[in-house]
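User: I have a model open and would like to go through it with you. Could we take it step by step?

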Amino acid sequence: MTTKEKIFKTIDEIPEDRYPDLFEVVEDFKKRSAEKKCGKWTRFAGILTDEEADAMLAVIEDTCERIDYE
C-alpha cells in the first residue's frame, strides 16, 4: 500500500464531523511545506508598509556601516 493510499484509508476511518479539523491540519501542513520551499523568512514578506520599511532602513543605515541587500 502506498503512503497516499494509507492516508486516504485513515481519512475514511475519521468521523465526518472531524473533517473541518482535519482540513485545518492539512492546510497548515501545506502552508509550512510551501514556506520550506520558499525560505523561512518568506512569511514576513509584505508585513511592513513602505513607510515602515523606509524608516527601518534609515535606522540601519544610521547605526550600521553597511547594508547587505542579499
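User: To begin, where is the place of Trp 41?

Analyst: Trp 41 is in the loop between helix H2 (19–38) and helix H3 (50–63). Helices here are DSSP runs of H or I with at least four residues, strands are runs of E with at least two, and both are numbered from the N terminus. Please note that this is a predicted model, in which local features need pLDDT of at least 70 and side-chain atom pairs count only at pLDDT 80 or more, while totals for chains, interfaces and linings use all residues. Residues are numbered from 1 along each chain as its sequence is written, and side-chain values use heavy atoms, with hydrogens and water left out.

User: Is Trp 41 buried or exposed?

Analyst: Trp 41 is exposed, at 62% relative accessible area. Buried means under 20%, exposed over 50%, and partly exposed in between, using a 1.4 Å probe and protein chains only.

User: Which residues form a nonpolar patch with Trp 41 on the surface?

Analyst: Phe 44, Ile 47, Leu 48 and Met 56 form the patch with Trp 41, and together the residues have about 550 Å² of accessible area. Patch residues have over 30% relative accessible area and no salt bridge; nonpolar side chains (Val, Leu, Ile, Met, Phe, Trp, Tyr) are joined within 5 Å, and like charges within 9 Å. The areas come from the Shrake-Rupley method with a 1.4 Å probe, and for residues only the protein chains shown count as cover.

User: What lines the largest pocket?

Analyst: Leu 48 and Met 56, both members of the patch, line the largest pocket along with Ala 53, Leu 57 and Ile 60. The lining divides into five nonpolar residues, no polar and no charged. The volume of the largest pocket is about 160 Å³. On a 1 Å grid over the protein atoms alone, a pocket is an open set of points where a 1.4 Å probe fits, with protein on both sides within 12 Å along at least five of seven lines; lining residues have an atom within 4 Å of a point.

User: Stepping back, how many helices and strands are there?

Analyst: The protein has three helices and zero strands, in the pattern α-α-α along the sequence. Buried residues make up 0% of its 70 residues. Its accessible surface comes to about 7,000 Å², with 57% belonging to carbon and sulfur atoms.

User: How many salt bridges does the structure hold?

Analyst: There are three, each with a side-chain nitrogen of Lys or Arg within 4 Å of a carboxyl oxygen of Asp or Glu. Glu 13 pairs with Lys 9, at 2.8 Å between the closest N and O atoms. Asp 21 meets Arg 18 at 3.0 Å, N to O. Lys 30 pairs with Glu 27, their closest N and O atoms being 3.2 Å apart.

User: What separates Glu 13 and Lys 9 in helix H1?

Analyst: About one helical turn separates Glu 13 and Lys 9, because they are four residues apart in helix H1 (residues 3–13). Glu 13 is exposed at 54% relative accessibility, whereas Lys 9 is partly exposed at 43%.

User: And how many residues apart are Lys 30 and Glu 27 in helix H2?

Analyst: They are three residues apart, also about one helical turn. Lys 30 is partly exposed at 48% relative accessibility, and Glu 27 is partly exposed at 30%.

Notes. Points joined across faces, edges and corners; volume = space filled by probe spheres on them. Nonpolar A, V, L, I, M, F, W, Y, C, P; charged D, E, K, R; others polar.
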